Amino acid sequence: MSDTPVPAAQDPAAQDLADAPERPETPETPETSETEGSRDLPDGAEPFDDAARGVHTQAAFDGALAGLAAAGLGVGIAVAPVLAAVVADALAGGFGDPGGILRTAGQIWLAAHRVGLDVAGDGPDGSVRLGIVPLGVTVPVLVVLVRAGRRCAGPPGGEPREPKAALVALGACTAVYAALAYLAAVVAATPAIQPVRERAPVAAATAVAVAGVYGLLRAGAFRTLPDRLPPSAADRLRPYAVPARAALRAGTAAACALACGGALIVVASLLRHGGDVTRLADRVAQGAPDMFALALLCVALLPNAVVCAVAYASGAGFAVGVGTTVAPTAVSLGAVPALPLLGTLPTGTSTLGWCTTAVPAAAGIVAGLVAARGVPAGRLGTAAGAAALSGPVAGLFAAAAAWLATGAAGAHRLTRVGPHVWTTAGLVAAEVAVVATVVALAAAWQRWRMVRAAAQVATAVVTVPGQGAHPTV
């Protein structure tokens, strides 16, 4: 065999290398090199992200649309009873001014947000501040705002936005809603009724913030926040997650039970004082249209009566004027407005009045049962703690409702109408907490006994003659 080298042209591998196109040499970039967008940024600044800006812009746009839709639906809710009254008046031969209809609806919508209305009257400055909130309108408005918060969290049926984008959307929703509230305060003003303009955007923004954050929570916009906590903080907070969740659920259940009990008290009082209510309605209303409008007003104020009934059942009572009180322990009333709903007021203490104090006890029983079911079996201390915390949760709900139901209904002595806010909240919290703790301990102990008995039955050994001992399954 010859040792002469093979020419490169005859070597297949060399031929493939020769035929391959030359590639331009590119300088290697180190992995730690800075990007083009962040090369000139100062220390500590984040690089400019067009994608994040686009996400936040879309979130702000969606939030603004949600705020616009919520304001439109809220005004529509206020327009409905006004239109019903106008139709009843038109059937009787009258006619309502379209502009007046919209202004009245705007005033009702603003009043539902606790925006005061200055009405021309005999007050110290020539006007009377009306601060009573028609909770019959406020409740559906809050439901609409919760829905707006869910829309800020993301499109229906889709994945929720990141917490920062969701907050951007809620901020845009709040800004638009507050601006529309101020515009409504300007447009709805008349020589006789002047909404308090400076309070309109603040009250509207507060309502959106509270209801909107609840909507975000319900939509799961903040579900990833616990994962972002430092491991040490997460380890410290993890043992409190179960009792805190159980306390919130138990407190919410107690608040619902209180509302149901208050509604039962109002219905029972209406049935008992039906004659007084009818006589007041006949004295105030002149004809069917007036009677219909008066009925709509009473319906809008029915939730206020429910809150006052809860305050009455708690023992704190409520006021129908400065220096008055209506409670199971004492009833002190002077002249009251000729509103048919006020015909249900008790004229003195009675056994039936003391029976209403069972409502907070029933709410405590509900809270105790819910708290006991919300913790693992056998953890009696955890169940008792969750039940005890359900009292303050129910007290917060009672305080918010009592604050909304309290306001001025006129001048002079009628500047104070509604429940005693902090007394009601404190008594509700204490009563619910005490009863709920006892019930939760009893329910948790009974549940632990049942679980232990079931475990003993599962591990019992049954002896079969001639076959030895066999554990039952």
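In strand E2, Ser127 is the bridge partner of Ala120. The structure here is a predicted model, so local features need pLDDT of at least 70 and side-chain atom pairs count only at pLDDT 80 or more, while totals for chains, interfaces and linings use all residues. Residues are numbered from 1 along each chain as its sequence is written, and side-chain values use heavy atoms, with hydrogens and water left out.

Back to the strands. E1 covers residues 117-120 and pairs with E2 in the antiparallel sense over four bridges; strands count as paired if DSSP finds at least two bridges between them. Helices (H or I, at least four residues) and strands (E, at least two) are DSSP runs, numbered from the N terminus. Put together, that gives an open, three-stranded sheet with the order E2-E1-E3 and antiparallel pairing. E2 (127-130) and E3 (193-195) are the edge strands, each with a single partner, so one side of each has no neighbour in the sheet. From one strand to the next, the twist averages 25°.

Next, the helices. The axes of H8 (residues 241-272) and H10 (residues 288-314) come within 8 Å and cross at roughly 100°. Axes are lines fitted to C-alpha atoms, for helices over the stretch in contact, with angles from 0 to 180 degrees between N-to-C directions. H8 and H10 are therefore roughly perpendicular to each other, a label for angles of 65 to 115 degrees. On the H8 side, the contact (heavy atoms within 4.5 Å) involves Leu258, Ala259, Gly262, Ala263, Ile265 and Val266. H10 brings in Leu302, Ala305, Val306, Ala309, Val310 and Ala313. By class, this contact has 11 nonpolar residues, one polar and no charged ones. Ala, Val, Leu, Ile, Met, Phe, Trp, Tyr, Cys and Pro count as nonpolar, Asp, Glu, Lys and Arg as charged, and the others, Gly among them, as polar.

As for voids, a search of the whole structure turns up one cavity of 30 Å³ or more. A cavity is a set of points on a 1 Å grid over the protein atoms alone where a 1.4 Å probe fits but cannot get out, and lining residues have an atom within 4 Å of a point. The largest cavity has a volume of about 40 Å³, volume being the space filled by probe spheres set on the points. Ala66, Ala69, Ala70, Leu73, Val144, Arg147, Ala148 and Arg151 line the largest cavity, with H2 (50-91) and H4 (135-153) being the elements that give two or more residues to the lining. That lining has six nonpolar, no polar and two charged residues.

Notes. Angles under 35 degrees count as roughly parallel, over 145 as roughly antiparallel, 65 to 115 as roughly perpendicular and the rest as oblique. On a 1 Å grid over the protein atoms alone, a cavity is a set of points where a 1.4 Å probe fits but cannot get out, and a pocket is an open set with protein on both sides within 12 Å along at least five of seven lines; lining residues have an atom within 4 Å of a point.
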